[in-house]
Amino acid sequence: MNKFKFLDKNDISKLPKTSGVYAFFTRRSLGEGRKKGKQILYVGKATNIKERVKNHKKLLSQAEKIGYIKTDSEIEALILEASLIKKYRPKYNVAWKDDKNYFFVAVTKEKFPGILITHQTKQKNKYLGPFVDGSSLKQVLIILRKVFPFRTCTTLPKKPCLWHQLNLCPAPCLTKTKNLCQKNANNILKILQGRKNQVLNNLKKEMKIASKEQNYEKAAKTRDKIVYLERIMRNARIFEPNKADSTLQSILKAEKPISRIEAYDISNIQGQEATGSMVTFIQGKPNKSFYRKFKIKLQAKPNDVAMIKEVLSRRLKHKEWPCPDLILIDGGIAQLNTAIKMKNEINKNIKAVSLAKKQNKLFIEGRKKPILLKTLPKEIFNLVLHLRDEAHRFAITYHRKLRTKALLPR
């Protein structure tokens with residue numbers, strides 16, 4: 001169970017610089033037998049607890065003690081903040097509600113449940129909250145939807161919509177089966193209730209069963225969900241916009257901030273139906289209008305370096321496409337050298353890096369030795385992993401589509 005650690009308000013320099021929640025306590029509220037509503041003045045969440053608390057000058061003047069709970073991620077801080085507000089109903093959180101409405105996540109009570117964010121809790125649905133930060137809550141649901149696709153439409157359509165094509169909705173309108181729709185909604189509920197370990201354990205059991213039954217494709221998909229969920233629960237940035245542009249510029253010794261990045265990945269099984277992907281992030285955020293997919297034409301044994309060369313060659317011929325500031329390749333030094341050679345024929349101002357899966361080593365153009373990704377600033381760590389994961393997801397989705405098509409009778 002999460003418990004507060006306490007510091008005197010004059011010792012805020014000792015507060016941690018990690019993500020978590022914080023609370024302001026009065027002297028009276030520290031005693032036993034007080035009503036819960038009077039124990040805490042205010043509860044908040046933060047990326048950096050120390051810096052956030054320092055900004056609450058008026059609350060500091062009223063408080064005697066500062067309580068804090070560190071979390072492993074910003075998502076967990078958001079969830080914990082909601083549970084503490086619901087449990088203690090702090091004085092100034094309740095006062096805040098008089099001017100603004102809290103946000104709630106609603107799961108509709110239907111055969112095919114949908115998930116939505118609302119201010120109202122009057123209808124007969126399942127509700128989770130209250131959440132203070134609506135934009136962060138929305139970002140969390142966007143992230144979780146990639147793992148557990150869910151329905152958002154108010155009326156079930158007659159045919160699948162774009163959300164299904166983007167793998168973000170289980171399309172109950174098409175399958176007419178309620179199992180997946182209900183299962184995904186329940187998993188999201190559990191995560192927002194702070195029960196992520198239960199969800200992860202269930203996924204691991206599913207993966208083992210699928211593997212035992214030799215359903216290796218299902219086992220692989222479940223494994224990808226586990227890896228992605230564990231990663232985003234640790235590292236996702238949801239409270240503040242990504243400010244990696246200038247930091248990347250410094251690391252790469254670029255002439256200007258790195259605002260446009262393209263990431264590439266290859267997906268194949270023994271060279272069969274090989275595909276390449278290109279995803280584009282602008283100012284730290286995915287821009288799907290610039291995503292591109294490539295069906296590899298190379299007819300040979302699996303060769304990731306040759307396939308990367310083909311994809312980059314075809315991409316760089318499109319001079320009408322906006323030019324990136326940086327390209328990220330999945331692989332090691334061989335893939336990086338290929339990328340450098342290819343892009344230098346077109347534009348030497350484009351920077352190139354590659355990320356090797358083993359130990360997450362980042363190979364950087366112009367540096368002899370790779371850098372461990374975990375040693376870089378958090379915003380760069382998060383951005384690079386997000387780019388790599390998104391390129392992988394986009395490549396493998398197209399690869400599976402081609403494999404399925406190849407198995408169909410002609």
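The model is predicted, with local features needing pLDDT of at least 70 and side-chain atom pairs counting only at pLDDT 80 or more, while totals for chains, interfaces and linings use all residues. Residues are numbered from 1 along each chain as its sequence is written, and side-chain values use heavy atoms, with hydrogens and water left out.

**View 1. Three cavities of 30 Å³ or more are found in the structure.** A cavity here is a set of points, on a 1 Å grid over the protein atoms alone, where a 1.4 Å probe fits but cannot get out. Points are joined across faces, edges and corners, and a volume is the space filled by probe spheres set on them.

**View 2. The largest cavity has a volume of about 90 Å³.** Its lining (residues with an atom within 4 Å of a point) has 14 residues, and L248, L326, V353, L362 and V384 lie nearest the centre. All 14 are nonpolar (Ala, Val, Leu, Ile, Met, Phe, Trp, Tyr, Cys or Pro), with no polar and no charged residues.

**View 3. Helices and strands meet around the largest cavity.** At least two lining residues each come from α11 (244–252), β12 (326–330), β14 (361–364) and α14 (378–407). Helices (H or I, at least four residues) and strands (E, at least two) are DSSP runs, numbered from the N terminus. The largest share, four residues, belongs to α14.

**View 4. The second largest cavity has a volume of about 60 Å³.** Look for R151, C153, P157, C161 and C169, which lie nearest its centre among 14 lining residues. That lining divides into ten nonpolar, two polar and two charged residues, where Asp, Glu, Lys and Arg count as charged and the others, Gly among them, as polar. α6 (162–165) and α7 (172–175) each supply at least two of the lining residues.

Methods
1 Å grid on protein atoms, 1.4 Å probe; cavity = no way out; pocket = protein on both sides within 12 Å on 5 of 7 lines; lining within 4 Å.
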